[in-house]
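Subject: Handover of a structure and a summary of its contents

Dear colleague,

I am passing the structure below to you for your records.

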Amino acid sequence: MNPARTLAAFAAGLAVPAALWFGTFFAEAGEPSSISHWNHTIFEKKKAISDATPGPRLVIAGGSGALYGIRARDLSHELGVPVVNAALHAGLGQEYYLHQLKKLVRPGDTIVLALEYQMYMDAADSSVLIDYLVARDPAYFAQLGLRREVRDILAMTPGRLLNPFLVKRHPVAVALAASLNSETYLDAHGDALGNAAVFKTEALRKSVEAIHPLRIRVDEPAVRRLQEFADWARANRIRLLATHPNTIDFPEYYARPEIQAKLGQVTRAHEIAGIPFVDGWRDTLFETGLFFDTVYHLDSVGATLRTHELAERLTPYARAGRWGAVSEPSLSMHPLEVVDRNFRLWEPLSGFSGVELQPPQGVPVIRMVGASGTMMVHVDRASSARLTGEVRMERGGDLDLVKDGRPLVRWRLAQSRSYQRIDTAVQLAPGDNRFSLAGARPDDTVIACLRFDVEGLLPPAGFGTCEAPRGLNAVDR
Amino acid sequence: MLFNSYAFILGFLPAVLAGFLLLGRIDRRIGAAWLALASLFFYGWWDPRYVPLLLGSAVVNFLAGASLARQASRRLLALGISANLLLLGFFKYADFFVGTVNLATGTAWPLPGIVLPIGISFYTFTQIAYLADAYRGEARDYDFVHYLLFVSYFPHLIAGPLLHHAQVMPQFDDPGTYRVRLPNVNLGLVLFGVGLFKKTVLADQLATIASPMFDAAAHGGTPTAAAAWVGGIAYALQIYFDFSGYSDMALGLSRMFNVELPVNFFSPYKARDMVEFWRRWHMTLSAFLRDYLYIPLGGNRRGTGRRYANLMVTMLLGGLWHGASWTFVAWGGLHGLYLVANHAWRALRRRLGIPALPAVAGIAVTFACVVVAWVPFRAADFATTLRILHGMAGAGGSGLASSVPALWPFVIRADVAPELSHGAWLALALAVAFVAPNIYQLTGRRLEPCADDRPPRAAAWLAFACGVLFFLGLKALAAGEPSPFLYFQF
């Protein structure tokens with residue numbers, strides 16, 4: 001056995017996969033990946049929104065906690081100033097996010113920084129950032145420095161490395177990448193509306209309940225970058241404010257001094273950079289039930305609350321500043337807002353697919369996909385409620401309403417392409433009440449509106465009020 | 001500094017190896033001194049405050065050992081061992097003792113909160129063995145530089161293998177150690193490549209399967225049976241690949257310096273019973289506990305009852321050595337019970353002429369017992385342990401239906417190329433642990449060395465394969481901060 005040959009074999013074992021890996025990378029660098037599609041489109045849309053909004057504006061900045069949790073539209077309405085939601089994905093990291101943010105603001109603007117706590121850590125580049133830079137911003141990637149570039153290339157997964165080839169062969173893959181995070185769920189202010197409470201399934205609720213308190217760390221490079229950004233903002237006559245990120249309220253934050261010390265470091269980092277906070281870290285903690293799917297993503301109900309509280313804290317700044325003209329509020333709502341209102345208090349558990357925003361009928365609808373769909377409504381005390389809805393079954397048939405396993409009502413729906421009204425009185429017990437809708441042919445059942453009118457629980461009627469019944473044929477049991 | 005970091009692999013190791021071979025050509029004592037200094041630097045990378053502690057411990061033990069080698073003194077031996085145990089007790093067990101006293105008496109003495117110097121359990125035990133051997137006349141009056149190198153030698157300093165002075169001191173004395181030996185470099189690279197792959201690819205991936213279950217249980221949830229067993233098995237595999245990966249890397253590194261360290265793992269999950277398991281798992285600790293605790297306690301020489309009691313004491317203390325917590329004691333106690341049951345079963349089988357279990361059944365039963373014992377070892381506290389054990393028994397439901405998707409071989413997403421699923425990672429890890437030959441077998445070693453064994457060698461095809469594994473290990477390191485080895489905490 002020749003030792004030199006063995007050593008050469010080891011070196012070859014190291015070199016061959018390395019050559020394959022880097023060769024593949026250079027063959028596809030700069031090619032769009034489906035993974036980066038959402039981030040890319042979101043940024044482009046926000047750039048267009050920002051360009052079209054007259055200044056000076058209030059600009060909401062941060063990761064997806066602000067993207068989903070702060071509603072620029074509501075904020076603009078409450079404060080009477082133009083507001084743009086410029087939040088992107090926190091996975092882009094503080095350094096690159098602030099780099100992108102500079103493209104979305106103008107002199108005279110006021111930025112409200114709502115950076116997630118992870119954006120104060122100096123960690124290795126995330127897979128989100130690497131994917132984005134390699135696919136959409138290779139020029140920025142090329143100036144990271146050799147060490148960081150090599151490390152980032154090695155950090156890519158095989159799936160990511162091969163993704164652009166897959167996208168080329170199957171362009172449809174890009175469209176499939178969109179889910180509840182679809183860029184089509186972005187409204188005219190840059191708010192993401194995919195967190196409508198109506199989409200909060202049981203699986204999502206359980207995943208939120210399993211979330212643990214955040215690990216918070218503030219690293220010196222992140223503090224330095226914040227300082228540099230503040231210097232840049234001052235040089236460009238841009239005012240900076242900060243709000244703590246909205247996140248789940250855990251008792252550990254109050255009980256553990258070491259966590260409070262870290263939160264104090266976040267505040268100090270902003271003080272050093274001369275950026276005042278409009279709130280304290282306790283002010284942006286919300287109960288678990290208001291979160292959609294992650295530790296930072298509020299649902300639509302939580303976002304409304306968070307926005308209202310932020311508006312109150314920003315009022316003194318809004319009154320004191322000079323602002324651009326606020327565009328006339330549009331009467332047309334984003335289809336998701338319509339859905340959110342139409343299905344308020346309705347928490348789907350299973351059997352329903354996502355929303356169909358622009359169906360031929362022009363009414364946002366939700367489809368039943370299983371043999372039955374189960375939903376839940378939670379009340380604190382025994383109540384009577386009225387269940388109303390607009391349902392279409394193209395081939396007609398029976399639609400049963402079942403409560404906690406017991407049949408309540410059967411509606412006989414006519415064969416029709418138009419929507420038919422369902423309407424019944426139900427009794428709600430304190431706690432969770434589960435209702436199932438089961439159709440004879442569930443695959444063609446489409447629901448345009450479903451409301452539980454519980455005394456005192458619904459917002460004022462307005463958008464999304466169910467239309468007048470057509471072809472109602474209910475058989476009470 | 002971690003073996004699984006770019007700073008170590010691309011900076012420290014090449015520089016130290018080159019310096020060692022260059023200086024060793026001039027004078028082997030200078031070469032040894034260089035390696036000892038480099039080892040102290042390696043140790044001080046974490047926290048330089050503890051370098052004087054390590055140095056002080058080495059100096060005191062060297063002087064005590066030298067004195068014992070010249071004149072056996074029971075009093076000096078007792079003093080030396082007590083001093084070592086006091087040092088270990090102060091740094092490792094002070095919080096544990098105070099906490100236990102608080103719990104037992106209802107007092108509220110503040111915990112000292114002493115930071116554990118990394119590797120203290122290993123270098124303390126190593127030196128206790130040295131003192132005992134010096135007292136028995138089995139240790140020579142060594143050169144201090146060699147002794148310091150023996151204690152601080154970086155490949156084994158943090159997490160073993162536990163070294164016996166007789167295994168390495170003669171090698172430090174050998175002029176051939178300070179020459180370039182290509183076969184040793186090859187073997188070292190092969191072992192290091194395999195170890196790096198085990199740690200950064202397998203163990204760190206398995207942690208992502210195991211940790212969520214343990215964390216959820218720590219937050220009050222009772223896992224389903226499927227989740228508890230999948231999490232438990234994932235942790236069993238994680239700690240195996242983590243620790244055996246570290247040991248492979250340690251042996252590989254040392255080989256590059258022409259110093260052969262004892263094998264620490266030999267496919268332990270292929271063991272057909274618990275006795276065999278402990279002959280394959282953390283072999284150097286098993287040998288230490290046997291030679292310096294079990295046998296001095298009387299071993300199996302004083303009747304069956306005493307033998308079982310000795311086994312229990314040895315394993316309970318072995319558990320406590322791993323960590324200052326009652327959950328580690330419980331882990332040791334479980335293994336003590338397993339060993340007692342195993343010996344009793346063997347005796348019964350012999351008496352009644354019952355045939356042995358088929359190998360597959362023996363392996364399965366042994367592995368299941370080991371997985372159950374890992375639960376208190378990994379869990380944050382006893383409440384968590386009980387929740388997981390209840391979950392394993394089905395108190396949280398079977399969970400089979402929800403577990404099936406996680407066991408598909410690939411995560412299929414239309415928009416990205418498929419990635420390996422948790423199920424695939426588990427299957428791969430199980431195959432490596434239960435089916436594949438270990439790297440020592442592949443380089444020509446056996447569990448029980450024989451006189452006619454040839455020196456281990458790496459074939460070209462094996463070197464190529466390990467080069468690929470080395471690349472995959474390096475690649476996995478790029479994805480984030482290197483994660484510390486689990487045994488660093490002990």
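This is a predicted model: local features need pLDDT of at least 70, side-chain atom pairs count only at pLDDT 80 or more; totals for chains, interfaces and linings use all residues.

Residues are numbered from 1 along each chain as its sequence is written, chains are lettered from A and ligands numbered from 1 in the order in which they are written, and side-chain values use heavy atoms, with hydrogens and water left out.

Chain A

Chain A contains 16 helices and 17 strands; helices (H or I, at least four residues) and strands (E, at least two) are DSSP runs, numbered from the N terminus. Of its 477 residues, 52% count as buried, where buried means under 20% relative accessible area, exposed means over 50% and partly exposed lies in between (1.4 Å probe, protein chains only). The accessible surface of chain A is about 20,600 Å², and 55% of that surface belongs to carbon and sulfur atoms. Such areas come from the Shrake-Rupley method with a 1.4 Å probe, and for residues only the protein chains shown count as cover. Among contacts in chain A between residues at least 6 apart in sequence, 80% join residues at least 24 apart; contact means heavy atoms within 4.5 Å.

Chain A is divided into domain 1 (40-123 + 187-320) and domain 2 (335-454), with bounds taken from an automatic or database domain assignment. The centres of domain 1 and domain 2 of chain A, taken over C-alpha atoms, are 35 Å apart. Across the boundary, 12 residues of domain 1 of chain A are in contact with 14 residues of domain 2 of chain A.

The four-stranded sheet of chain A

In chain A, four strands form an open sheet in the order S2-S1-S3-S4, with parallel pairing. Its edge strands are S2 (83-85) and S4 (239-242) of chain A, each of which pairs on one side only. Neighbouring strands of this sheet are turned by 25° against each other on average, direction ignored. Axes here are lines fitted to C-alpha atoms, for helices over the stretch in contact, and angles run from 0 to 180 degrees between N-to-C directions. Helix H5 (residues 93-101) of chain A packs on the sheet and touches strands S1 (58-62) and S3 of chain A. The direction of H5(A) makes about 160° with that of S1(A).

Strands pair if DSSP finds at least two bridges between them. S1(A) and S3(A) run parallel and are joined by five bridges; in S3(A), Thr110(A) is the bridge partner of Leu58(A). Strand S3 (residues 110-114) of chain A also pairs with S4(A) in the parallel sense, over four bridges. On that side, Ile111(A) has Leu240(A) as its bridge partner in S4(A), and Leu113(A) stands opposite Ala242(A).

Five of the five residues of S3(A) are buried, so this strand is largely enclosed by the rest of the structure. Thr110(A), Val112(A) and Ala114(A) point one way from S3(A), while Ile111(A) and Leu113(A) point the other way.

Chain B

Chain B has 20 helices and two strands. Of its 490 residues, 54% count as buried. A compact globule with 490 residues would have a radius of gyration near 23 Å, and chain B agrees with a value of 23 Å; this radius is taken over C-alpha atoms, and the globule rule is 2.2 Å times the number of residues to the power 0.38. The C-alpha atoms of chain B fill a box of roughly 65 × 55 × 55 Å along the principal axes. Its accessible surface comes to about 20,300 Å², with 67% belonging to carbon and sulfur atoms.

Individual residues of chain B

Phe243(B) is located in helix H10 (residues 225-256) of chain B and is buried, with a relative accessible area of 0%.

Ser267(B) is not a glycine, yet has a positive phi of about 50°. Ser267(B) lies in the loop between H10 and helix H11 (274-280) of chain B and counts as buried at 4% relative accessibility. His282(B), also not a glycine, has a positive phi of about 40°. His282(B) is placed in the loop between H11 and helix H12 (283-294) of chain B and counts as buried at 0% relative accessibility.

With kind regards
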